[in-house]
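Thanks for coming. Please look at the sequence and the structure on the screen while I talk.

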Amino acid sequence: MSCRCGERRVALKGIARAIGRADARTAAQGAQTIARTLNRDAQDLAARLTRRRT
């Protein structure tokens, strides 16, 4: 499982800047990026755990 921490860090910085500018759309896009990377990590982990069981 590869860590997508760097991608999340960039998204968090973008969210912080967007909130400072009161830019809800950009903040929402950053939150979606974080959600996608967390979902990919969860899927990768589930696949790894499934392979270990067999």
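Which element do the buried residues of H1 pack against? They pack against H2. Before going further, keep in mind that this is a predicted model.

Let me start with H1 itself. The helix covers residues 5-20. Its 16 residues should span 22 Å at 1.5 Å a residue, and the end C-alpha atoms of H1 are 23 Å apart, which agrees.

Now, which residues of H1 are buried? They are Arg8, Ala11, Ile15 and Ala18. Viewed down the axis of H1, these buried residues fall within an arc of 85 degrees, so they line one face of the helix. An α-helix has 3.6 residues a turn, so residues three or four places apart point the same way.

The face of H1 turned away from the buried side carries exposed residues: Arg9, Val10, Lys13, Arg17 and Gly20. After the helix comes Ala22, with a positive phi near 60 degrees.

Next, the charged pairs. How many salt bridges does the structure hold? There are five. I will go through three of them.

One joins the side chains of Arg4 and Asp44, with 3.1 Å from N to O. Arg4 sits in the segment before H1, while Asp44 belongs to helix H2, residues 24-53, so this pair links distant parts of the chain, 40 residues apart. Is Arg4 buried or exposed? Arg4 counts as buried because its relative accessibility is 14%, and the cut-off for buried is under 20%. Asp44 has a relative accessible area of 28%, so Asp44 is partly exposed.

Another salt bridge is formed by the side chains of Arg40 and Glu7, at 3.5 Å from N to O. Arg40 lies in H2 and Glu7 in H1, so this pair ties together parts that are 33 residues apart in sequence. Both ends are partly exposed: Arg40 has a relative accessible area of 32%, and Glu7 has a relative accessibility of 35%.

Then there is Asp23 with Arg21, where the closest N and O atoms are 3.6 Å apart. Asp23 is partly exposed at 25%, whereas Arg21 counts as exposed because its relative accessibility is 52%.

Last, a network. Which residues are linked in it by salt bridges? Arg4, Arg8, Asp41 and Asp44 are.

Technical notes. Residues numbered from 1 in each chain as written. Predicted model: local features only at pLDDT ≥ 70, side-chain atom pairs only at ≥ 80, totals over all residues. Heavy atoms only, no water. Salt bridge = Lys/Arg side-chain N within 4 Å of Asp/Glu carboxyl O. Helix = DSSP H or I, 4+ residues; strand = E, 2+ residues; numbered from the N terminus. Buried < 20%, exposed > 50% of the residue type's maximum accessible area, 1.4 Å probe, protein only. Expected span 1.5 Å × (residues − 1). Arc of directions from axis to C-beta. Contact = heavy atoms within 4.5 Å.
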